[in-house]
Amino acid sequence: MSFREKSAWVMAAIIIITVGLYVALISPIPGSALSLPVVIGAIIVLAILSVFGQTAIAILSPKDAGAAADERDKRVAEKASSIAGTVLTVGVVISLGMYVVGHGGHALFHAVFASLVIAQLAEYALTILYYRRGV
Amino acid sequence: MAKKPPITNRVRELREAHGGVTQAALGDAIGVTRQTIIAIEQDRYSPSLESAFRIARFFKVGVEDVFGWEG
């Protein structure tokens, strides 16, 4: 398994864990209102887990970690990020539509945040798929 | 699901015929990772034209001796 595929697995797992924690903390708040401490906490947890996760896989495969991306890595990254960009665009447009039809600012924040998460997960999933099935 | 590319190759066969060159050594020589050589051999990735020429030059054969078109 290539270093970048391992990285995609690790980052997808970290995002799922962090977003799970975020949702668990936001849900009990009346109206799921935006809570700055929870948002900042989620960002800090994401950053710490990312550093630990990436360091762990770099220690397990030091040669691969230091290698520059080759042509296949670049092609996989381009295709995955292109589709993820479309997912993000659709999500943001839907979020703005929700705001226009009367949902409040908190809903807009959560919808855009969800769009970011879904787009990022799509990018990692596609990265894994392209490495495994071919690009 | 990605379609299997129509380009076939004899990379594994040529490696074995040249004294068992490792996938890592071939990858280093042409500037790609070992995983990319594995993907080429398993027909999961069609290399760029530049890499195809580099592979052929590594084995001192023509590109058409390494790669073929299935169809």
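B:Asp43 sits in the loop that joins α3 to α4 (49-59) in chain B of this predicted model. The phi angle of B:Asp43 is positive, near 60 degrees, although the residue is not a glycine. For context, most residues other than glycine have a negative phi. B:Asp43 counts as partly exposed because its C-beta has 15 neighbours inside 10 Å, a count that lies between the limit of 12 for exposed residues and that of 20 for buried ones.

Another residue of the loop between α3 and α4 of chain B is B:Ser46. Here the surroundings can be read from the neighbour count: B:Ser46 has 21 C-beta neighbours inside 10 Å and therefore counts as buried. Setting aside residues within four places in sequence, the contacts of B:Ser46 are with B:Pro5 and B:Ile7. B:Val66 lies 20 residues away from B:Ser46 along the chain, and the C-alpha atoms of the two are 12 Å apart.

A positive phi is also found at B:Lys60, again near 60 degrees and again in a residue other than glycine. B:Lys60 belongs to the loop between α4 and α5 (63-66) of chain B. With 9 C-beta neighbours inside 10 Å, B:Lys60 counts as exposed, so its count falls within the limit of 12 or fewer set for that class.

Attention now turns to α3(B) itself. Its buried residues are B:Gln35, B:Thr36, B:Ile37, B:Ala39 and B:Ile40. Within chain B, these residues pack against β1 (7-9), α1 (11-17) and α2, and they also pack against α4 (71-100) of chain A.

The packing of α2 (residues 23-30) on α3 (residues 34-41) in chain B can be described by its geometry. The two helices meet at an angle of about 105 degrees, and their axes are 8 Å apart. This angle makes α2(B) roughly perpendicular to α3(B). On the α2(B) side, the contact is formed by B:Gln23, B:Ala24, B:Leu26 and B:Gly27, while α3(B) supplies B:Arg34, B:Thr36, B:Ile37 and B:Ile38. Sorted by class, the contact of α2(B) with α3(B) holds four nonpolar residues, three polar ones and one charged residue. Two of the α3(B) residues in this contact, B:Thr36 and B:Ile37, are also listed among the buried residues of that helix.

The contact between the chains draws 13 residues from chain B and nine from chain A. On the chain B side, α3(B) provides the largest share, three residues. By class, the side of chain B that touches chain A comprises five nonpolar, six polar and two charged residues.

What does the partner chain look like? Chain A contains five helices and zero strands, giving the order α-α-α-α-α from the N terminus on. The C-alpha trace of chain A spans about 50 × 30 × 20 Å along its principal axes. Of the 135 residues in chain A, 20% are buried. Among contacts in this chain between residues at least 6 apart in sequence, 79% join residues at least 24 apart.

The nonpolar interior brings both chains into view. Nonpolar side chains tend to be buried together in soluble globular proteins. In this model, the largest nonpolar core has 21 residues, and A:Ala84 and A:Tyr130 touch the most other members. Two or more residues each come from α4 and α5 (105-133) of chain A and from α2, α3 and α4 of chain B. The element that gives the most is α5(A), with five residues.

One residue of α4 in chain A deserves a separate look, namely A:Asp73. A:Asp73 counts as buried because 22 C-beta neighbours lie inside 10 Å. A:Ile40 is 33 residues from A:Asp73 along the chain, and their C-alpha atoms are separated by 32 Å.

Finally, the confidence of the prediction can be summarised for chain A. The average pLDDT of this chain is 92, and 100% of its residues score at least 70. Within chain A, helix α3 (residues 62-66) has the lowest confidence, with a mean of 81, whereas α4(A) has the highest, at 96.

How values were computed
Residues are numbered from 1 along each chain as its sequence is written. Chains are lettered from A and ligands numbered from 1 in the order in which they are written. This is a predicted model: local features need pLDDT of at least 70, side-chain atom pairs count only at pLDDT 80 or more; totals for chains, interfaces and linings use all residues. Axes are lines fitted to C-alpha atoms, for helices over the stretch in contact, and angles run from 0 to 180 degrees between N-to-C directions. Helices (H or I, at least four residues) and strands (E, at least two) are DSSP runs, numbered from the N terminus. Angles under 35 degrees count as roughly parallel, over 145 as roughly antiparallel, 65 to 115 as roughly perpendicular and the rest as oblique. Two residues are in contact if their C-beta atoms, placed from the backbone, lie within 7 Å. Ala, Val, Leu, Ile, Met, Phe, Trp, Tyr, Cys and Pro count as nonpolar, Asp, Glu, Lys and Arg as charged, and the others, Gly among them, as polar. pLDDT is the predictor's confidence in each residue, from 0 to 100. A nonpolar core is a set of buried Ala, Val, Leu, Ile, Met, Phe, Trp, Tyr and Cys residues joined through C-beta atoms within 7 Å.
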